[in-house]
Amino acid sequence: MFVRSLFFVVVLGFGSACGGFQLDPVTPTATSDAVRPVGQIVVSLDPSMEEDQREVCEKKGVATEMQRVLAESLGATGSAEHPRVEVRITSIRHAAFGPSRMHTETRLVAPDGSVLEEVSLDSTSIRSKAIGRVAQDMVRQLADAI
């Protein structure tokens with residue numbers, strides 16, 4: 001029994017260390033007249049992102065999870081009649097020592113392709129390897145900015 005319990009703890013610890021993470025939905029704090037419906041949310045990694053940063057984001061599923069939570073938080077309609085939110089993660093810092101950081105460039109694009117808004121955001125945590133923490137903060141900032 002002890003061996004099985006120990007095995008379970010080791011597998012659980014290894015799985016959480018190597019896998020992705022889960023973010024919580026947020027509620028935008030924008031005033032009611034500033035809230036607008038959005039059709040689609042697209043979160044991607046910047047093509048010029050350094051390879052080690054890209055690997056961390058892909059391994060953790062950062063873009064996919066941020067996209068899922070933003071769509072839920074903003075009530076994305078899926079309609080092409082509403083503006084599209086394009087979030088590009090341009091850089092992260094996910095090191096064993098020092099703060100964790102994330103930078104994004106976001107555009108709100110009208111159905112006709114014109115850019116309605118652009119915003120550049122940063123999130124920093126003093127904790128090392130806190131990509132989940134900075135991603136959660138980034139989702140909150142993005143929801144408030146849209």
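**One residue and its surroundings**

Start with Val43, which touches Ala63, Met66, Gln67, Leu70, Val87 and Ile89, leaving aside residues up to four places away in sequence. Keep in mind that this is a predicted model.

Where does Val43 point? Val43 lies in strand 1, residues 40-45, where the side chains alternate. Ile41, Val43 and Leu45 face one way and are buried.

Strand 1 pairs with strand 2, residues 84-93, in the parallel sense, over six bridges. Opposite Ile41 stands Val85 of strand 2.

Now the core. The largest nonpolar core has 31 residues, and those touching the most other members are Val43, Val62, Met66, Leu70, Ile89 and Met102. Which elements give two or more residues to this core? They are strand 1, helix 2 (51-60), helix 3 (62-74), strand 2, strand 3 (100-109) and helix 4 (131-145). Helix 4 gives the most, with seven residues.

With 13 residues at 1.5 Å a residue, helix 3 should span 18 Å, and its end C-alpha atoms are 18 Å apart, so the two agree. Which of its residues are buried? They are Val62, Ala63, Glu65, Met66, Val69, Leu70, Ser73 and Leu74. These residues cover an arc of only 160° around the axis, so they sit on the same side of helix 3. As a general point, an α-helix has 3.6 residues a turn, so residues three or four places apart point the same way. What do the buried residues of helix 3 pack against? Strand 1, helix 2, strand 2, strand 3 and helix 4. Just after helix 3 comes Gly75, with a positive phi of about 65°.

Finally, the whole chain. The protein chain has four helices and four strands, and from the N terminus on they run α-β-α-α-β-β-β-α. Of its 146 residues, 35% count as buried. Take the contacts between residues at least 6 apart in sequence: 67% of them join residues at least 24 apart. The accessible surface of the chain is about 8600 Å², and carbon and sulfur atoms account for 56% of that.

Terms used:
Residues numbered from 1 in each chain as written. Predicted model: local features only at pLDDT ≥ 70, side-chain atom pairs only at ≥ 80, totals over all residues. Heavy atoms only, no water. Buried < 20%, exposed > 50% of the residue type's maximum accessible area, 1.4 Å probe, protein only. Pairing = 2+ DSSP bridges. Core = buried A, V, L, I, M, F, W, Y, C linked by side-chain atoms within 4.5 Å. Contact = heavy atoms within 4.5 Å. Expected span 1.5 Å × (residues − 1). Arc of directions from axis to C-beta. Areas by Shrake-Rupley, 256 points an atom, 1.4 Å probe, with all protein chains shown as cover.
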